[in-house]
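Work each task from the structure before reading its solution.

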Amino acid sequence: MNEPLIICENLVKIYRLNNEGGASVEVQALQGLDITVKDGEMLGIVGASGSGKSTLLNVLGGLDRPTGGRALVGKQDLGRLSARALDEYRREQVGFVWQQGARNLIPYLTAAENVELPLTLSGQVGRSTRERALELLELVNLRERMGHRLEELSGGEQQRVAIAIALANRPKLLLADEPTGELDTVTAQTIYDLLRDLNTRLKLTMVIVSHDPGIAKHVDRVVAVRDGKLASETVRVQKDGGEHHVELSVLDAAGRVQIPREYLEEFEIKRRVLIETTPEGILIRKPEGNHHEGEHGNLSGEQIAAENEAVQGQSSLSRIWESFKSRMIKGIKK
Ligand code: ADP
Ligand code: MG
């Protein structure tokens, strides 16, 4: 694994919806996401529904344009490509696999005919079309089923046909959005095995979105997306003679880190925390005497901000002094 193929920096995607009243509503699907994917890497993405996984894939695949930040694939800055160049990028350099892979396939055509169809539509006609279709079906280990109508194939086999079609343009990058979402565990396993095999044989970089946290054992690395940002990354470590997966939180470019909600609940942490250094590392804990937690009592916004900053350790005595002074001055004005 070598150079990065994908670099996303502070990637933002905002959807604007016009509701019935004519007012527009904004959805921030990606909120400053940073990620790098190496050439040849097989990356898994997990995250709750609505966290922005599909949006990220759509941006990487040139189906959607970023609203802000950068998305580089190879040397191409997707946000800056002309509509035509983006179109070409999507057709020539990316392969897509969807959850319902068979959705765009035709049930009464054979596997081979289904693969031939997009080849023909993209202008690859003649005897070679059939040969190429068989070659693609070979890649997904389905050649012996080439003459079967799609409706005669199992869900897993249908997904293989869809993968064969995704490979037709010899992409460098394969994007898969919950490719095993509708399959049972055993079949899902065979699809992951196939994807790994293609990753190795074709040196194909893959980004695979999944609902299944168990995806970690099938890919090189798993990242979790939360609220449109990268929240954590699961890496493999060798320990006690075995392989383990460890989930690490990810810092953003400004050094912010997201604390898992369940930890906040467990330690009854609400708006503010104490951050202290210990010989072991950095300790984040609930401040003592949490009396203004939740509601702000009769503190002013400014006072809260000043106290917050002091509590968060971002500032020092001078900040507290400023806060004190401003309270005094307000007192005098009254
Ligand atoms: P995921 O794939 O993780 O479930 P999505 O990327 O599909 O999440 O969606 C992220 C957020 O963006 C959601 O709030 C979703 O409703 C919104 N969203 C996604 N696509 C569109 C779109 N085309 N128009 C408007 N909002 C969208
Ligand atoms: Mg999705």
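**Exercise 1.** Find which element gives the most to the shell around ligand 1.

*Solution.* Start with the residues around ligand 1: Tyr15, Leu17, Val27, Ala29, Gly47, Ser49, Gly50, Ser51, Gly52, Lys53, Ser54 and Thr55. Each has its C-beta atom, placed from the backbone, within 6 Å of the ligand. Next, assign elements, taking helices (H or I, at least four residues) and strands (E, at least two) as DSSP runs numbered from the N terminus. Two or more residues come from each of strand 1 (4–18), strand 2 (24–38) and helix 1 (53–60). Helix 1 gives the most, with three residues. By class the shell has four nonpolar, seven polar and one charged residues; Ala, Val, Leu, Ile, Met, Phe, Trp, Tyr, Cys and Pro count as nonpolar, Asp, Glu, Lys and Arg as charged, and the others, Gly among them, as polar.

The model is predicted: local features need pLDDT of at least 70, side-chain atom pairs count only at pLDDT 80 or more, and totals for chains, interfaces and linings use all residues. Residues are numbered from 1 along each chain as its sequence is written, while chains are lettered from A and ligands numbered from 1 in the order in which they are written.

**Exercise 2.** Give the strand order of the sheet of four strands and name its edges.

*Solution.* The order is 2-1-4-5 in an open sheet with antiparallel pairing, where a pair requires at least two DSSP bridges. Strand 2 and strand 5 (76–77) each have a single partner strand, so they stand at the edges with one side lacking a neighbour in the sheet. Between strand 1 and strand 2 there are 12 bridges, and Arg16 stands opposite Glu26 in strand 2.

**Exercise 3.** Describe how helix 5 packs against helix 6.

*Solution.* First take the axes, which are lines fitted to C-alpha atoms over the stretch in contact, with angles from 0 to 180 degrees between N-to-C directions. Helix 5 (residues 155–166) and helix 6 (residues 185–202) pack at about 20°, their axes 10 Å apart. Helix 5 is therefore roughly parallel to helix 6, the term for angles under 35 degrees. Then list the contact, defined by C-beta atoms, placed from the backbone, within 7 Å: Gly155, Gly156, Gln159, Arg160 and Ile163 of helix 5 meet Thr187, Thr190, Ile191 and Leu194 of helix 6. Three nonpolar, five polar and one charged residues make up this contact.

Terms used:
Angles under 35 degrees count as roughly parallel, over 145 as roughly antiparallel, 65 to 115 as roughly perpendicular and the rest as oblique. Two residues are in contact if their C-beta atoms, placed from the backbone, lie within 7 Å.
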